[in-house]
Amino acid sequence: SVLFTCEEERLLAMQSFKKYDVTETVVGLGTISPDQTREQLRNSISQDRPKWAKRPYFLFLSRIQEKKGLDLLAEAYARLRAKSPNIPNLVIAGPDSQPSHSQSIRESHSQDGVSWVGSLHGELKWQALACAEAMTLISHQENFGIVVAESLAVGTPVLISNKVNIWREIEADGAGIVADDTLDGTISLLEKWLGMDTATQAMMRQK
């Protein structure tokens with residue numbers, strides 16, 4: 001078989017390789033869950049909570065570069081924050097692979113409620129994922145998206161674009177919300193999450 005990590009990757013391969021005549025198997029791809037449970041991670045960070053984690057927050061956790069759609073997230077967040085100042089903060093974590101891009105985002109969009117915290121590693125990374133309202137990734141292309149699996153491993157729903165190839169599985173299992181990798185799509189992701197009642201959000205965490 002030719003092995004694929006998710007259904008979308010299998011479907012895209014049909015369009016990319018001619019003549020296409022293969023035996024296909026979707027084998028999946030995953031991540032190792034942390035040693036601690038979601039509640040243990042949330043409790044452990046509360047003992048010495050970083051400043052950026054003192055309020056509810058959305059989490060972007062990835063390399064900072066154009067491919068990841070952070071400019072769309074920053075603009076969508078700024079628009080919603082201007083209308084509703086009490087929405088969760090936005091925490092941006094990850095190595096700055098494209099400083100000119102990150103600088104443009106900082107200069108172009110309000111930074112009210114936004115924290116840039118650099119790379120997170122080890123237990124702090126898992127704590128940040130476990131404590132987030134949701135993890136957001138509006139990428140324009142992801143073969144799989146390991147950070148998506150890491151977020152789900154600690155019961156944190158994901159708000160992702162349909163260019164993150166695992167989106168079909170996320171949507172089918174109700175473990176997150178999916179939209180186009182556009183500004184309107186990004187706004188809709190945040191609005192749908194914010195419009196959910198706590199019981200519906202809790203159910204998505206279970207899924």
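Modeller: A residue is called buried when its relative accessible area is under 20%, and exposed when the figure is over 50%. Please keep in mind that the model before us is predicted.

Colleague: With that cut-off, is Thr-186 buried or exposed?

Modeller: Thr-186 has a relative accessible area of 1%, so this residue is buried. Thr-186 belongs to helix α8, which spans residues 183-195.

Colleague: Which residues is Thr-186 in contact with, leaving aside its neighbours within four places in sequence?

Modeller: With those neighbours left aside, Thr-186 touches Leu-72, Leu-73, Ala-76, Ile-138 and Asp-180. Sequence separation and spatial separation should be read side by side. Thr-186 and Leu-159 lie 27 residues apart in sequence, and their C-alpha atoms are 8.5 Å apart. For Ala-78 and Ala-153, 75 residues apart along the chain, the C-alpha separation is 29 Å.

Colleague: Where is Ala-78 placed, and is Ala-78 buried or exposed?

Modeller: Ala-78 sits in helix α3. At a relative accessible area of 16%, Ala-78 is buried. Beyond its neighbours within four places in sequence, its contacts are His-109 and Ser-110.

Colleague: How is the packing of two helices described, and what is found for α2 and α5?

Modeller: Two packed helices are described by the angle between their axes and the distance between the axes. The axes of α2 (residues 38-46) and α5 (residues 122-131) come within 8 Å and cross at roughly 105 degrees. Since angles from 65 to 115 degrees count as roughly perpendicular, α2 is roughly perpendicular to α5. On the α2 side the contact is made by Arg-38, Leu-41, Arg-42, Ser-44 and Ile-45, and on the α5 side by Glu-123, Leu-124, Trp-126, Gln-127, Ala-130 and Cys-131. These residues divide into six nonpolar, two polar and three charged.

Colleague: At what angle does α5 pack with α6, and how far apart are their axes?

Modeller: The angle between α5 and α6 (residues 146-153) is about 70 degrees, and their axes are 9 Å apart. That makes α5 roughly perpendicular to α6. Lys-125, Trp-126 and Leu-129 of α5 meet Glu-150, Ser-151 and Ala-153 of α6. Here the division is three nonpolar, one polar and two charged.

Colleague: How many disulfides does a search of the whole structure find?

Modeller: A disulfide is a covalent bond between the sulfur atoms of two cysteines. The search finds zero disulfides in this structure. Among the cysteines, Cys-6 is buried at 1% relative accessible area, and Cys-131 is buried at 11%.

Colleague: Where does Asn-165 lie, and which residues beyond four places in sequence is Asn-165 in contact with?

Modeller: Asn-165 lies in the loop between β7 (158-161) and α7 (167-173). With a relative accessibility of 6%, Asn-165 counts as buried. Leaving aside its neighbours within four places in sequence, Asn-165 is in contact with Cys-6, Glu-8, Glu-9, Leu-12, Glu-142, Asn-143 and Phe-144.

Technical notes:
Residues numbered from 1 in each chain as written. Predicted model: local features only at pLDDT ≥ 70, side-chain atom pairs only at ≥ 80, totals over all residues. Heavy atoms only, no water. Axes fitted to C-alpha atoms, helices over the stretch in contact; angles between N-to-C directions. Helix = DSSP H or I, 4+ residues; strand = E, 2+ residues; numbered from the N terminus. Parallel < 35°, antiparallel > 145°, perpendicular 65-115°, else oblique. Contact = heavy atoms within 4.5 Å. Nonpolar A, V, L, I, M, F, W, Y, C, P; charged D, E, K, R; others polar. Disulfide = S-S within 2.5 Å. Buried < 20%, exposed > 50% of the residue type's maximum accessible area, 1.4 Å probe, protein only.
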